[in-house]
Structures are given as structure tokens and as C-alpha cells.
Amino acid sequence: MGAVFGTIAILSGTTIFVSAVDCTREGLLTAAQSYITAQTSGKIDGLKLSASNFTYQFNNKAADISKGQLSQALKLDLNRTSADTVACASYTMFISTSGSKPYVVGTQIRHKDNNTDEIAIIDTISATTGDLFFNAKDTLKYIQAEDWTAIPATGRPSRELLKKVGDGYLDMWTDAKAADSIPWGTNCERVEGSKLTKPCGGSLPHGGSSKQNGMRRYVIDETLGSVDVLCQFDSLGPWPDSHEVRVVDGKVKYVHTITVMSK
Ligand SMILES: *[C@@H]1O[C@H](CO)[C@@H](O)[C@H](O)[C@H]1NC(C)=O
Ligand SMILES: *[C@@H]1O[C@H](CO)[C@@H](O)[C@H](O)[C@H]1NC(C)=O
Ligand SMILES: *[C@@H]1O[C@H](CO)[C@@H](O)[C@H](O)[C@H]1NC(C)=O
């Protein structure tokens, strides 16, 4: 799927052809779409999983993909994908309110060697009834109303800023100064599970826990101005978690959290 570029290197009089493959947004979105198709059909046959080394992780534990959530067809009310061409990874979130169990799910898909034709890792945080502030219909209502229009090329937040905002957010429970390091927008909205807080910048934690939130995995998308971090929320409990933040005009506009507490 990636464009191929050639570089000629001259080494001790020998000409060597070295090729590099770019990770493309289009390739990432195609792979993410194959995940959505698998989830809505309950069939994993259409997923191009790496034959040599594929890992499926579900709520922070290695799992068997053939027996997991993807083999159960779900009707989706909403889905959205962001793409990280540097890490060659994508983040897809979806909400399903109408099945035998409702779900709010965040999944990162990773590719090796920039090859989006093969999936190396599917890494899912899946919340349902009983999880933190869980109510899929309320979450749907809030997230449906949001504006996720791509940010014009001249106004995009840098990769560094997005990483800093994602880390700053997860550090608030252990670092008393983290909350004030984040550029909160005045009309920022936080949807924690299904709990809406507006504006985001008030009543924030300022340290207090000695355990850093760990196992952080990032998908950073400058085009949408978003960072998603999957982690284990160790500062409060070893909870499988997804925190997604969107930055618009240099300030935090949206925060979404998915936190799994049930077994
Ligand atoms: C992967 O793609 C990215 C983005 O296009 C590029 O910066 C990087 O050099 C590529 N890496 C490899 C190993 O080809
Ligand atoms: C397989 O993938 C896992 C997860 O990305 C990695 O830790 C491991 O080193 C890989 N193994 C091989 C043989 O490439
Ligand atoms: C996923 O979202 C896109 C964009 O909103 C929409 O066009 C598509 O129908 C959705 N897919 C499913 C399976 O709901």
C-alpha cells in the first residue's frame, strides 16, 4: 500500500539499491476499515494478519482472536479512526448500543516495517455495562455532537505537543504540576465513560498517587489533532484504559476515556 522510494548508496565501489516504504494514511485507514468490517460481520477472515508474528491483545492481556469480541457481529452506531503514519498505527473507536451487550471500544492497530498490507498487532480496550461511568447511549449522544473535521495544514498541533498533552493528562494523578502544564481550551468537553464535564479544566487531580499510569501505547494524528493513549491506569487501579485527547487551535477541545473495571 505504501509508495516505494529508491536511494542509491555507493559503498566501496559497489552500487546497492536500498528501498524504503512510506506508511500511508490511506493504507492505515484501509486496514482499520477491515477491522470495522470484521466486527460488523463477526468474521475475521478479511483481516490480513501477519502470518509470522501477529499479536491480539484484549483489555491489556494476550488473547485468542478467533475466540474474542471480533467473532461476535455487532451493529455499530458510530465509528471514527485516526492515523499515525510515523508509528504506522491507527486508532479506531466505536460505540454499539443495540446488541445483547452494549460496548464502547477503542482499538489500536499496528503494522511492522511500514507494511499496512499486514496487521502486526490488534490492541483493544473494550468497556461494557459495569465499567467506569458506562452508559453507551449517553456516550454516543455526546460524541455524535462533536466536530472532528480535519485541521487545516497551517493550524495543526505538532506531534511533540500531542504526545506531551497525552502524557500530561495521564501524569495528573502522580505529578502535582501536570494538570497546569496542559493547554485547556475554555470550551473543552470531557466524556469520561458517559460522564460529561464542561469545561474540562476544572476539578482536576494534582498528584496524590505514587503509581504512574503504565503500559502506554500511542497513536498520534496531527491531521485530526488527536492523541490516543492505551494504558493500564495504575494510579487508581490496574484498569485497562484508553485516553483520547483532541487539540484544536493549540488548546484541548475534547477528552474521551474508556476505562474497564469489570473482569
Ligand atoms: C515509515 O514511514 C514513515 C512515514 O512515511 C517514514 O518517516 C519512515 O522512514 C518509514 N520507515 C521505514 C522503515 O521505511
Ligand atoms: C513479535 O511481536 C511482539 C509484539 O510486537 C514482539 O514483542 C516480539 O519481539 C516479536 N517477535 C518476533 C520473533 O519478531
Ligand atoms: C463508520 O463510520 C463512517 C463515517 O461516519 C460511516 O460512513 C460508516 O457507515 C460507519 N460504519 C459502520 C459499520 O457503522
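Which residue stands opposite Lys-61 in β4? That residue is Phe-58, and the report starts from the sheet to which strand β4 belongs.

## Basis of the model

This is a predicted model, in which local features need pLDDT of at least 70 and side-chain atom pairs count only at pLDDT 80 or more, while totals for chains, interfaces and linings use all residues. Residues are numbered from 1 along each chain as its sequence is written, chains are lettered from A and ligands numbered from 1 in the order in which they are written, and side-chain values use heavy atoms, with hydrogens and water left out.

## The sheet from β3 to β8

An open sheet is built from 6 strands in the order β4-β3-β8-β7-β6-β5, with mixed pairing; helices (H or I, at least four residues) and strands (E, at least two) are DSSP runs, numbered from the N terminus, and two strands pair if DSSP finds at least two bridges between them. Its edge strands, each of which pairs on one side only, are β4 (61-62) and β5 (78-84). Strand β3 (residues 55-58) pairs with β4 in the antiparallel sense over 2 bridges, and Phe-58 stands opposite Lys-61 there.

Helix α1 (residues 25-41) lies across β5, β6 (89-96), β7 (103-110) and β8 (121-127) and runs at about 30° to β6, where contact means heavy atoms within 4.5 Å. Helix α2 (residues 136-144) also packs on the sheet, touching β5, β6 and β7, and its direction makes about 120° with that of β6; axes are lines fitted to C-alpha atoms, for helices over the stretch in contact, and angles run from 0 to 180 degrees between N-to-C directions.

## Ligand 1

Val-21, Asp-22, Cys-23, Thr-85 and Asn-114 surround ligand 1, a residue being near a molecule if one of its heavy atoms lies within 4 Å of it. By class this shell has 2 nonpolar, 2 polar and 1 charged residues, where Ala, Val, Leu, Ile, Met, Phe, Trp, Tyr, Cys and Pro count as nonpolar, Asp, Glu, Lys and Arg as charged, and the others, Gly among them, as polar.

An oxygen atom of ligand 1 is 2.3 Å from an N or O atom in the side chain of Asn-114, an oxygen atom is 2.8 Å from such an atom in the side chain of Asp-22, and an oxygen atom is 3.2 Å from a polar backbone atom of Cys-23. Taken alone, ligand 1 exposes 360 Å², of which the protein buries 49%; accessible areas come from the Shrake-Rupley method with a 1.4 Å probe.

Ligand 2 is surrounded by Asn-53, Thr-55, Lys-112 and Ile-121, and an oxygen atom of ligand 2 lies 2.5 Å from a polar side-chain atom of Asn-53. The protein covers 31% of the 360 Å² of accessible area that ligand 2 has on its own.

Around ligand 3 stand Ile-36, Thr-40, Leu-76 and Asn-79, a shell of 2 nonpolar, 2 polar and no charged residues. An oxygen atom of ligand 3 is 2.4 Å from an N or O atom in the side chain of Asn-79, and the protein buries 37% of the 360 Å² that ligand 3 exposes when taken alone.

Key
Polar contact = N/O pair within 3.5 Å; in protein donor to acceptor, adjacent residues only side chain to side chain.
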